Amino acid sequence: TQAARWAALAFGSLGVVLLLSIVDVDLPLWAGRAFISVLALFPYFLYRFATSFSPLRRWIDLAAMVLTAVVIVTALVLPDTFEDERQPAIVTLFNFVLLAQWSILSLIAFLRLWRAGKGLPTLARRRMRTMSLATIGLNLALLTGVFELSSTGAEIAVQVLAATSAVSFYVGFAPPRFIRAMWRQPEQEKLGLGVHQVMSAVTS
């Protein structure tokens, strides 16, 4: 289905981002820019996945696509080196656009996934809302990570938040059997109670 395709692209790009962020190596210039491009594609793919359940207006889809394209193009034209210690205006613009793109698309994805779970059975609702909360967690990790962190503990906290949110995405999309059973337990208990009440009424 369309939702499954967008989900595969979103989780695939997320996996690449996490893998490259864990590996502590100096990337060549082209690889660094490719990393930024994948980083920008993740919230767009996630946005398309979330809106596949409840589509938005076409101009919003177009705006999301243009905003993502601006981030990628800006990353490609960033200067290789700086003449002095001052940060060029294009770098400031890039940081602003990247944060805006991530925050806006993540917020839309969060709201659409949360609302998509409304009225669904417990399992489906919790899957949607787990992915919804994971979206916010990743965005917070990005927002926190753009600042220079002088504390090793703070850096570790950001990495843990990003990793936890990523795992939550996978759990929400394809929960393991024991989590499915745990999420279904309230409905099963209600069903068992209802059956017991019906049997009691019939036999009384």
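This is a predicted model: local features need pLDDT of at least 70, side-chain atom pairs count only at pLDDT 80 or more; totals for chains, interfaces and linings use all residues.
**Notebook: a helical chain, looked up piece by piece**

I began with the surface: the accessible area of the protein chain comes to about 12,600 Å², and 67% of that belongs to carbon and sulfur atoms. Areas here come from the Shrake-Rupley method with a 1.4 Å probe, and for residues only the protein chains shown count as cover.

Residues are numbered from 1 along each chain as its sequence is written, and side-chain values use heavy atoms, with hydrogens and water left out.

**Entry 1: the fold**

I found seven helices and zero strands in the protein chain; helices are DSSP runs of H or I with at least four residues, strands are E runs of at least two, and both are numbered from the N terminus. The pattern along the sequence reads α-α-α-α-α-α-α.

I then checked burial: 34% of the 204 residues count as buried, where buried means under 20% relative accessible area, exposed means over 50% and partly exposed lies in between (1.4 Å probe, protein chains only). For contacts (heavy atoms within 4.5 Å) between residues at least 6 apart in sequence, I noted that 72% join residues at least 24 apart.

**Entry 2: aromatic pairs**

I reminded myself that a pair of aromatic rings is described by the distance of the centres and the angle of the planes. The rule takes rings of Phe, Tyr and Trp (its six-membered ring) with centres within 6.5 Å; planes under 30 degrees apart are stacked, over 60 edge-to-face, and the rest tilted. By this rule I get eight aromatic pairs.

I looked up Trp6 and Tyr44: their ring centres are 6.2 Å apart and their planes stand at 90°, so the pair is edge-to-face.

Next came Phe42 and Trp102, a tilted pair with 5.6 Å centre to centre and 40° between the planes. Because Phe42 lies in helix α2 and Trp102 in helix α4 (residues 89-116), this pair ties together parts 60 residues apart in sequence. Phe42 and Trp102 are both buried. I also noted one aromatic cluster formed by Trp6, Tyr44, Phe45 and Tyr47.

**Entry 3: Leu138**

Leu138 belongs to helix α5 (residues 122-145). It counts as buried because its relative accessibility is 7%. Beyond neighbours within four places in sequence, Leu138 is in contact with Leu14, Phe42, Trp102, Ala162, Ser165 and Phe169.

**Entry 4: helix α3**

Thr68 lies in helix α3 and is buried, at a relative accessible area of 3%. I found a 3.0 Å polar contact between the side chains of Thr68 and Gln101; the term means N or O atoms within 3.5 Å, within protein one able to donate a hydrogen and the other to accept it, and residues adjacent in sequence count only if both atoms are side-chain atoms. Not counting residues up to four places away, Thr68 touches Ala40, Leu41, Tyr44, Gln101 and Leu105.

Thr74 is also placed in helix α3, and at 10% relative accessibility Thr74 counts as buried. Outside four places in sequence, Thr74 is in contact with Ile90 and Phe94.
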